[in-house]
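Please read the following report alongside the sequence and the three-dimensional view.

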Amino acid sequence: MGFQNRFSTQYRCYSVSMLAGPNDRSDVEKGGKIIMPPSALDQLSRLNITYPMLFKLTNKNSDRMTHCGVLEFVADEGICYLPHWMMQNLLLEEGGLVQVESVNLMVATYSKFQPQSPDFLDITNPKAVLENALRNFACLTTGDVIAINYNEKIYELRVMETKPDKAVSIIECDMNVDFDAPLGYKEPERRPQHQEEPTEEEGDPSSYADMDTGFRAFTGSGNRLDGKTKGIEPSPVPIAPSDIKRGIPNYDFKMGRITFIRNSRPQPKKTDDAMNRFIAFSGEGQSLRKKGRKP
């Protein structure tokens, strides 16, 4: 009785490009679902199977297996159509025999992928791209190399790990995704930064003794309440090169020439024209009383 509730049959498999019809079925290549004949749907409807329908595909000649979902039941009888990457995982050629069995898989909680090319690192947000691509998949199997299409480019990723089982369902699940280092990726070599050894002039603080070092805290002397002078002399503090302030060097310096910079601001040019100069209280006034008239 248990055997009747299990779907198990054998088909000849072909890639989606061999599917006859006017419609382009390139969408099948972008996911992890297959196309089965109508007789499979008729047989599945009579069995007490769980939904969504998930299947285990096995190539008995190479002992390779994977898991998938079903997209449609429109294939010719005795034939099923698989994505090309799935046929590569099963080591199947066009017209090869594949065993199809219905299975129940646990819901995924974690998965880890390894990109098969460093080009995958060029994607700005790889997790979002992978999440969008996995919407066309029904399940994942550890060890498979899946293919996703992004910006008209095919990226292959190996399923390194899945939890809680080696084959999991990813339909309506909350799954944590992690990435391993891409295949062939090399960490960029970090060159050690060689610290420049200070020269004799830079390393000797005594050469800066005559320079203005600015304010230095706690360099004064103190007084005692008892009037004694013991222990009130300031202890000498060594001068650190970071405490020394330097001026801006003159990059235009030439040997044998001395330049005195009095004012760095440009002075306005003086003109002899008196009309252009401002003279205070040089205007003319007006009187309300007219001259030459007696009151």
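Predicted model: local features only at pLDDT ≥ 70, side-chain atom pairs only at ≥ 80, totals over all residues.

Residues are numbered from 1 along each chain as its sequence is written, and side-chain values use heavy atoms, with hydrogens and water left out.

**Two sheets**

Helices (H or I, at least four residues) and strands (E, at least two) are DSSP runs, numbered from the N terminus, and two strands pair if DSSP finds at least two bridges between them. Strands of a sheet pair through backbone hydrogen bonds, either parallel or antiparallel.

An open sheet with mixed pairing is formed by 4 strands, in the order E10-E11-E8-E13. Strand E10 (145–150) and strand E13 (176–179) are at its edges, and each has a single partner strand, so one side of each is left without a neighbour in the sheet. Neighbouring strands of this sheet are turned by 35 degrees against each other on average, direction ignored; the axes behind such angles are lines fitted to C-alpha atoms, for helices over the stretch in contact, and angles run from 0 to 180 degrees between N-to-C directions.

E10 runs antiparallel to strand E11 (residues 153–163), to which 6 bridges join it. Val 145 has Arg 158 as its bridge partner in E11, and Tyr 150 has Lys 153. The hairpin of E10 and E11 has 2 residues between the strands, and in this hairpin Asn 151 takes a positive phi near 55 degrees. Helix H3 (residues 126–133) lies across strand E8 (110–115), E10 and E13, and runs at about 125 degrees to E13; contact here means heavy atoms within 4.5 Å.

Another open sheet, also of mixed pairing, has 3 strands in the order E7-E12-E9. Within it, E7 and strand E12 (residues 167–169) pair in the parallel sense over 2 bridges, and Met 106 stands opposite Val 168 in E12.

**Cavity and pocket**

On a 1 Å grid over the protein atoms alone, a cavity is a set of points where a 1.4 Å probe fits but cannot get out, and a pocket is an open set with protein on both sides within 12 Å along at least five of seven lines; lining residues have an atom within 4 Å of a point. Grid points are joined across faces, edges and corners, and a volume is the space filled by probe spheres set on the points.

| Space | Volume |
|---|---|
| Largest cavity | about 50 Å³ |
| Largest pocket | about 280 Å³ |

The search of the whole structure finds 1 cavity of 30 Å³ or more. Its lining includes Gly 32, His 67, Trp 85, Phe 137 and Asp 144, and strand E4 (64–72), helix H2 (84–89) and strand E9 (139–141) each supply at least two lining residues.

Among the residues that line the largest pocket are Lys 127, Glu 131, Arg 135, Ile 170 and Val 177, and H3 and E13 each supply at least two residues of that lining.

**A loop residue**

Glu 77 is found in the loop between E4 and strand E5 (79–82). Not counting residues up to four places away in sequence, Glu 77 touches Pro 37, Pro 38 and Ser 39. Glu 77 and Tyr 11 lie 66 residues apart in sequence and 8.7 Å apart in space, C-alpha to C-alpha.
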